[in-house]
Amino acid sequence: MNEIYERLNQVFADVFDEDVTVNASTTADDIEDWDSLTHITLISAIEEEFGMKFSMKEVVGMNNVGELAEIVAARRKR
Amino acid sequence: MLLPAFTELKRNLKKDFSSLPVIKLGIIGDCATQHIAVALRGWGYEKGINFDIFDSDYNQIDAQTMDPASELYSHGCAYVAVINCTDKLFMRFCETPLDSRKDFAQTVCESITAAWSRISANSKSRIIQFNFPVWDDRIFGDFGAKTVDSFAYQTRKLNFLLAEKSGEYKNVFICDIEGIQSRVGESALRDNKMFCIAKMPFRTDILPLIAKSITDIVLSAEGKIKKCVVLDLDNTLWGGVVGDDGTDGIQIGELGTGHAFTHFQLWLKELKNRGIILCVCSKNNEENAKDPFINHPEMVLRLEDISVFVANWQDKASNIRYIRDVLNIGMDSMVFLDDNPFEREAVRSLIPEITVPELPENPEEYVDFLRAEGLFGTASYSKEDRMRTDQYRAEAERVSLQSKCADYDDYLKSLEMVAEAKAFDAYHFPRIAQLTQRSNQFNLRTVRYTEQEIEDIAKDDKYITVYFTLKDKFGDHGLISAVIMEKREECLFVNTYLMSCRVLKRGMEEFIINTMVETARDAGYKKVVGEYIKTPKNAMVADIYEKLGFTPNGDNTFTADTDSFKFNKTHIQKGDI
């Protein structure tokens, strides 16, 4: 799980173009630029990083980075 | 070709665009377009363009095009990208009564072209229309490929209709999304959940490629196009080394590994047919280098396909500079292809403006690699393009005559030149538009026009137009110059004066200036006013008006008095060709 968070931090830094440290309880409210448009970019970038896909339901339903990381852990290909 | 990721392009948005030339562009679509706008602006930065984008709200095609006071029109767009998506097309198809489906493509095409007409009536924007990636619903299985009632059939037909119609609207360009899908595949292009939750018809990771496609169209329309390919020979055009292996020993032809090179030569010959000049630059002795072109039965390219052939032992950068001087084109319009990484690097470092693609190691991949690079976009195509190689070969003969003549004046006399000066006509609209897009050096104001705009100007009695053709005893240069003059109250103002650099220093400059003044005088004008607008490339014409008898006004405009003008001497006869 630590490794997933490390890589997520890199993806977040890449998408938001600033140093971000996320943990299980981080939500969209915690990062200023995290709007619905950036959410799409973020989802695509995480899918690319871990070689997996989120479902539509997951994309609209996840409440925090913890839930996101759980899905990644269960489905990652790399 | 490896493009930067979407997130990288997004990061570019924070960079400093202030030194880059601005191109205003509007985006309207029946889907979400924000990410496309981000990718486009970010890719523009990579290509040195500051895209000033008006990105309209969701589903605003009709609203933005119908209202003459819309935000789209008030943005003053040079380009409008119209993004229709297949997802919406499918919904519309499903709503279409069964009996009307056979006419579905026609009906949709009419509504799309109606938007083109509205944009053209309300603005000067060029239009970049997305076509439709085919999404086969498989309702009929493969039978859908033959029945007019299927969605796949109607989508394919619609793409053809749009292609056909765009030929009638000269300011419309097609962004070939269907072509992109056939190269990358449906799953690389779309992600169902993205359309469901965000109305995005494309995956974010394909957006850099889409942004590149839009930008390539813009760059072509702005005249930034490739005109010439300089080719190495050994292991580039054929397998093996002709100096060692002999003409019999090189690999070329139907069979075996030679086919990779045959395929490459066929592709290059098609480039030549569409107007790209082919030249050879090889470290070889000339006799050996030319032998396969003359004697190998399976060579596709022959000597007559090559405009300038240089084979010697000098460094390639010097030889390429020589080729550039003979052709008289910009270095940035040239592409150098060589299998040898060392030669590529040497040329790249000595001539930074030239494009040197990093050819793959395996020759069977040359063509697909170059297809993906997408270097050879164009915004027009005319009959003149096919003649270009012959024209440059004739030029080489002129160079040799010149070396035999006692002086330059003698040489000009011996060329027996005849020029034609006529008002723009329908037959020549494509070539004239193309000249306005291609000419950079001999172009006084560098105003770019589409065919449609040229046609409008030709029909507008506020303008006087003249095109010029030139031929001599070695051949026909075709249409090499265009002049557009605006009727103003106090003078004729030269809106456009450009000339192909192929005919520099033949007395054509003088002939054109004389014709301008004569035309103005005959139309009852006392004055002709010309203007020079400086660009990075047109320094050669900075003082042409003054040199040829106009008086400078001190603000980069120049005036000729039609009554007292001293006409320039030329050796060109006025005539009908």
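**View 1. Salt bridge between K53(A) and D191(B).** In this predicted model, the side chains of K53(A) and D191(B) form a salt bridge at 3.9 Å, N to O. The term covers a Lys or Arg side-chain nitrogen within 4 Å of a carboxyl oxygen of Asp or Glu. The interface of chain B and chain A holds 4 salt bridges by this rule. Local features need pLDDT of at least 70, side-chain atom pairs count only at pLDDT 80 or more, and totals for chains, interfaces and linings use all residues. Residues are numbered from 1 along each chain as its sequence is written, chains are lettered from A, and side-chain values use heavy atoms, without hydrogens and water.

**View 2. The contact of chain B with chain A.** Contact (heavy atoms within 4.5 Å) involves 17 residues from chain B and 18 residues from chain A. The two chains bury about 1,500 Å², 59% of it on carbon and sulfur atoms. Buried area is the accessible area (1.4 Å probe) lost on being put together, summed over both parts. In chain B, R11(B), K193(B) and I197(B) lose the most area to chain A, together 34% of what that side buries.

**View 3. The second largest cavity.** Its volume is about 40 Å³. A cavity is a set of points on a 1 Å grid over the protein atoms alone where a 1.4 Å probe fits but cannot get out; lining residues have an atom within 4 Å of a point. Volume is the space filled by probe spheres set on the points, which are joined across faces, edges and corners. Lining residues include S220(B), I225(B), T378(B) and R438(B).

Definitions and conventions. On a 1 Å grid over the protein atoms alone, a cavity is a set of points where a 1.4 Å probe fits but cannot get out, and a pocket is an open set with protein on both sides within 12 Å along at least five of seven lines; lining residues have an atom within 4 Å of a point.
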